[in-house]
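Subject: Structure for you to look at

Hello,

Here is the structure I said I would pass on. My notes on it follow below.

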Amino acid sequence: MTDATVPTEQLGLNEDRTKEVMTVNVGPHHPATHGVLRLVVDLEGEIVRELRPVIGYVHTGIEKSCEDKSYWKVIPFVERMDYVSYFFQMEAYCGAVERLIGLEIPPRAKYLRTLFLELNRIHSHLVWLGTTALDLGAISMLWYCFRERDKILDLFEMATGQRMHTRYFQVGGVIEDIPLGFEAKCRAFAEEMPVRVGQYQDLLDRNEVFLSRTKGTGIVPRERLLELGVTGPLLRAAGDPWDLRKVFDYLAYPEVEFKIPVGTVGDNYDRYRVRVAEMVESARIVEQCLDALPEGPFIADDRKYVLPPRSELSTSMESLIHHFKLVTEGYRVPPGEVYYSIEGPRGELGCFVVADGSAKPARVHFRDPSFVNLQAFREMALDSYVADMIASLGMLDPILGGVDR
Amino acid sequence: MPDAPGLELIRGEIDRDHPGAVLATSFDRGQAALIVDPERVLEALRWLKEEPGQRYDFLSSLHAADYLPAEPRFGVHYELINRDRVERIRVKAMLADPGEELPEIDSCVELFPTAEAQERETYDFFGIVFRGHPNLTRILMPDDYVGWPQRRDFPVGGEPVTFTYSEQRFD
Amino acid sequence: MEVERRTLREKQVAARDLLRGDLEGEDLERYVEERVLTTTFEKMIDVARANSIFPLTFGLACCAIEGIPMAAVTSRYDIARFGAEAGRASPRQADLMVLSGRVSVKMAPIIRRLYDQMLEPKWVMAMGACSSSGGMFANYAVLQGADKFLPVDIYVPGCPPRPEAVLYGFVKLQHQIIGNADQGWRQRYDAYGTEEWARGGPRSEPSPEAARAYEEARELSLA
């Protein structure tokens, strides 16, 4: 402890040492890095002077593995990229392949896909809220958010049999129809969700500690965010209402009414508010999808690309042949390339598929939102305290599986 | 997207300002693409970004694809969006494999700062050098990795699954 | 069997007599037997260790969301009832490293470093298919199994395994630590003599018959 009455020169401190810059490794193993993100941070005291993210610690070579597999075998691979929003990756890939084939999916499948996408969005935001609040010290939020998350996972398990990584979307629609009782349970969840979000907001919205940590921290101006290619809730919190659901009409989003929450200042508090409001809007979309769910087939009819129903296999020879062909070799996609993007919970999730006419894709590439958003992190954290850096990292919501692929 | 006639109009206007930059156009499955000469890719991108009628100022994605065995082998794709008119356009630059050295193309980091990490990723996986990039190093693979993993002639890797005794008995 | 129910007054009298040294012979024997459990010091320590494992809060990929750092800790699949809710971020203070997720080539040296920094006794749970054997990713970037560079004590299959599966694996690990590695299933299924060299727990050695059988089987296969 320095005595405040003694001037610094007399203390015998080297002048330079008060401005010493220390390089600290916020390593891949760290409780607050949301995965295996490594940050090499130059600190001057508590202030961040330079930040270099080092990624690649969970690089799985998914894009390369996809070139080795037939088109429908790729679906479980790409699910596991951004491992919290797995339905979105399935949708991006299946949408791209459907564009390549020129396959129209039936309306029931569109609504079912929208329903599950929005449930997954709520799931992703709940995981985000739980872990970010944990980082900022509001530890009990983790348990509350995961309680709701378990309810969503129950819904997924009811419909698809798996909690995570469900491989539910297939090229042409969805693999199975929803079971009886799903609608009632889903509706009960969608009604309960805004109440729960209200409870979360009661805990955090006006919480003095939370406000002082998130208000005014991590601000990047909107134009700079656009230059850096940032999309999603980060951009919306900065005041730009760019949401691919409204802009590029895909699936059942044109028929569903929902609002886009937009922030004003673009600090961490706005990002928090935007995502929390998005959860409420997603619950509304889920309700509307349930109300408007049309009857009909849940997958397209084209037997060249879609498995025939099993009941037909015992009666129709053609179905058997189609089934055999599809399961062993897979379907061939006419050559071409397509870039198809959707609005994931973190931003624009794009899938680029090159088909060369064979049964395996020639190139699958994902434009992952977390990878691009991570470039904005440096500007969010520069010249602010380490604690603000942690808050910004939480509000940035990177998922390292998507960053590293 | 600009539709097919719109794409031809854009091509015509670029040809007026930068003749020879655009080699071909392609309108496939509802997506518009301009195939440009890799040496002139910056001119084309700058024109698309700054021309008052075009203003494709958001680079959504920069990625590459290896079209082996077709030549030219590498294609660098730029996905651009005009957010006011909500239109997408793709710019493709086809690079040939020079054999011993690495293929090169100009970096667009001054135009689109978002390209920084994406160009590093492309370099990491394909070995395509972006001239003028501030820090072109490996980003996802370990720094001392040898090889360009996502090229088509790079093996997928992995190991064969070994079973306890059968390898010795049936070999 | 009739249980002798003694009133509280009778128990108090017996305790007072014991303290005064008034219980003799049979009474004293019975009294002590009812209240005292004998065990070895090691076993007691093992039981204490098994029931208060500090997991390392470490999550690699998808399994982390369903596993020890997250879902297993939360209220539905509470791991606190097994004594393991105190997750420690520092490897110096943690006992159990849960490899929840795919081990990529870049991350492997770091995991090995973390493992080396942990103090004995330490255990490793390979959660999920990817850390057990590479999972579905048989490519250049994923190590085909964490046991290529770490000794793993228990493998929990699944992609991702349900939190209940993780907890079951955790309970099995607890049994391993206490020394009852196979939980008596060989006895149940009369399967002694068929063991391979099991690697787990401090006291799971194969019986001499089993060791001989293993040697014979190896010679057969190598011949």
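The contact between chains A and C takes 28 residues from chain A and 29 residues from chain C; two residues count as in contact if their C-beta atoms, placed from the backbone, lie within 7 Å. On the side of chain A that touches chain C, two or more residues each come from helix H1 (62–66), helix H2 (74–79) and helix H5 (140–160) of chain A. H5(A) gives the most to that side, with five residues. Helices here are DSSP runs (H or I, at least four residues), as are strands (E, at least two), numbered from the N terminus. By residue type, the chain A side divides into 14 nonpolar, nine polar and five charged. Nonpolar covers Ala, Val, Leu, Ile, Met, Phe, Trp, Tyr, Cys and Pro; charged covers Asp, Glu, Lys and Arg; the others, Gly among them, count as polar.

Before you read on: this is a predicted model, in which local features need pLDDT of at least 70 and side-chain atom pairs count only at pLDDT 80 or more, while totals for chains, interfaces and linings use all residues. Residues are numbered from 1 along each chain as its sequence is written, and chains are lettered from A and ligands numbered from 1 in the order in which they are written.

Within chain A, the axes of helix H4 (residues 107–136) and helix H16 (residues 386–396) come within 9 Å and cross at roughly 175 degrees. H4(A) is therefore roughly antiparallel to H16(A) (angle over 145 degrees). The axes are lines fitted to C-alpha atoms over the stretch in contact, and angles run from 0 to 180 degrees between N-to-C directions. A:Thr132, A:Asp135 and A:Leu136 of H4(A) meet A:Ile390, A:Ala391, A:Gly394 and A:Met395 of H16(A). These residues divide into four nonpolar, two polar and one charged.

Chain B has four helices and seven strands, in the order α-β-β-α-β-β-β-β-α-β-α from the N terminus. Its C-alpha atoms fill a box of roughly 70 × 35 × 30 Å along the principal axes. Buried residues make up 36% of the 171 residues in chain B (buried: 20 or more other C-beta atoms within 10 Å of the residue's own, with C-beta atoms placed from the backbone).

For chain C, the domain assignment, which is automatic or from a database, gives domain 1 (9–38), domain 2 (48–178) and domain 3 (185–222). The centres of domain 1 and domain 2 of chain C, taken over C-alpha atoms, are 47 Å apart.

Regards

Key. Parallel < 35°, antiparallel > 145°, perpendicular 65-115°, else oblique. Buried ≥ 20, exposed ≤ 12 C-beta atoms within 10 Å, placed from the backbone.
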